[in-house]
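Colleague: I am new to this structure and would like to go through a few of its features. Please show it to me first.

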Amino acid sequence: MSKPQDKVPAYWYGEQTPPLSARLLAGLYGWVVALRGKLFRAGILRSHRVPVPVMVVGNLLVGGTGKTPLTIALVQRLQQEGWTPGVASRGYGRRNEAAAAWVEAGTAPSEGGDEPVLIARRTGAKVRVDRDRVSAARALIAAGCDVIVCDDGLQHYRLHREVEIEVIDGGRRYGNGRLLPAGPLREPAQRGADCDFRVVNGGDASFGEWSMQLRADNAVPLQGGRSRSLASFGGHRVHAVAGIGNPKRFFEMLRALGIGVVPHAFADHHRYVPGDFDFGSELPVLMTEKDAVKCAGFANEWYYSVPVSAELPEAFWVALLDKLPDKRTGQPSEVRLVQK
């Protein structure tokens with residue numbers, strides 16, 4: 001069974017030729033993207049520098065690629081290294097996206113956005129949602145943060161950044177390689193070559209890319225109580241719920257553990273109501289953490305959240321931290337200019 005989700009044209013990830021209208025619009029869109037880049041490089045459109053390092057975790061593809069798990073891992077590693085990171089996010093899916101707000105572990109997802117709430121709960125870091133990343137960064141600095149991590153925002157060039165990390169879906173990659181609306185790309189695929197790091201979520205990493213794997217070991221009851229190992233669901237059927245950019249990835253992860261998956265794919269950032277779970281059979285419900293933060297208010301004992309952790313080679317972290325100023329000397333790193 002599958003629930004309504006964001007529909008994308010079949011030709012985005014297939015071999016069909018996009019219709020002429022889409023190709024013409026993609027040409028116009030590409031011209032606008034190129035012009036915008038030139039205006040920023042010429043200083044006509046201004047990028048703003050803040051007095052602490054800025055790291056951007058983003059993607060070129062429309063939809064989810066695994067940015068949030070990487071953002072969580074990045075914040076946690078920075079905390080371990082003695083930094084006080086703050087997270088800037090637009091907060092997609094919240095009720096009033098035009099208003100800036102602080103997000104804490106107890107913030108309602110409808111007010112803070114599902115991903116920012118999840119980041120706040122997993123890391124304890126200060127999280128600021130604001131359509132203007134510059135304003136968000138300044139608020140975080142005023143609150144005591146000494147490094148800013150942007151969850152998404154690769155295309156938000158108003159904010160200078162020291163480090164750019166592109167996250168690539170290892171299964172879908174760049175789809176048909178075309179720009180919107182003929183394809184799924186926000187910017188040309190070549191833009192990724194300008195990023196400091198290219199992280200591949202699942203699949204095979206090519207030369208110059210870093211491999212990231214999402215590990216899930218336990219299922220956490222939404223009503224509270226002791227966690228269960230995911231392995232304990234092996235050989236049993238469950239309802240699997242995923243309202244993320246690529247629900248198939250979550251379903252395949254569970255199937256790889258021998259779990260009988262009845263899949264229910266929802267739109268990314270879907271706002272759940274109890275009726276969404278009228279599946280017609282009483283089975284355990286396993287869902288992503290991003291979905292679980294929106295379902296705790298009406299969950300019963302059958303509902304479980306499946307946390308994931310991003311695993312990357314230690315060499316990645318060494319190379320990443322080398323891009324930041326030395327915490328002992330305070331020597332600044334070189335601010336990254338927009339390159340396209």
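Colleague: In which loop does H269 lie?

Modeller: This is a predicted model, so the answers come from computed coordinates. The two elements on either side of H269 are strands, with strand 12 covering 260-265 and strand 13 covering 285-288.

Colleague: What is phi of H269 near?

Modeller: H269 is a residue other than glycine, and its phi is positive. The value is near 65 degrees.

Colleague: Is D152 buried or exposed?

Modeller: D152 is found in the loop between strand 5, residues 147-151, and strand 6. Its phi is also a positive value, near 75 degrees, and D152 is not a glycine. Buried means under 20% relative accessible area. The relative accessibility of D152 is 8%, so D152 counts as buried.

Colleague: How many disulfides does a search of the whole structure find?

Modeller: A disulfide is a covalent bond between the sulfur atoms of two cysteines. To count here, the two sulfur atoms must be within 2.5 Å. The search of the whole structure gives a count of 0.

Colleague: Are helix 2 and helix 4 roughly parallel or roughly antiparallel to each other?

Modeller: Two packed helices are described by the angle between their axes and the distance between the axes. The axes of helix 2 (residues 67-80) and helix 4 (residues 114-123) come within 10 Å and cross at roughly 30 degrees. Angles under 35 degrees count as roughly parallel. Helix 2 and helix 4 are therefore roughly parallel.

Colleague: How many charged residues has the contact of helix 2 with helix 4?

Modeller: The crossing of helix 2 and helix 4 is right-handed. Helix 2 brings T68, T71, I72, V75, Q76 and Q79 to the contact, and helix 4 brings E115, L118, I119, R122 and T123. By class, the contact of helix 2 with helix 4 has 4 nonpolar residues, 5 polar ones and, as charged residues, 2.

How values were computed
Residues numbered from 1 in each chain as written. Predicted model: local features only at pLDDT ≥ 70, side-chain atom pairs only at ≥ 80, totals over all residues. Heavy atoms only, no water. Axes fitted to C-alpha atoms, helices over the stretch in contact; angles between N-to-C directions. Helix = DSSP H or I, 4+ residues; strand = E, 2+ residues; numbered from the N terminus. Parallel < 35°, antiparallel > 145°, perpendicular 65-115°, else oblique. Left-handed = near helix turned anticlockwise from the far one by under 90°. Contact = heavy atoms within 4.5 Å. Nonpolar A, V, L, I, M, F, W, Y, C, P; charged D, E, K, R; others polar. Buried < 20%, exposed > 50% of the residue type's maximum accessible area, 1.4 Å probe, protein only.
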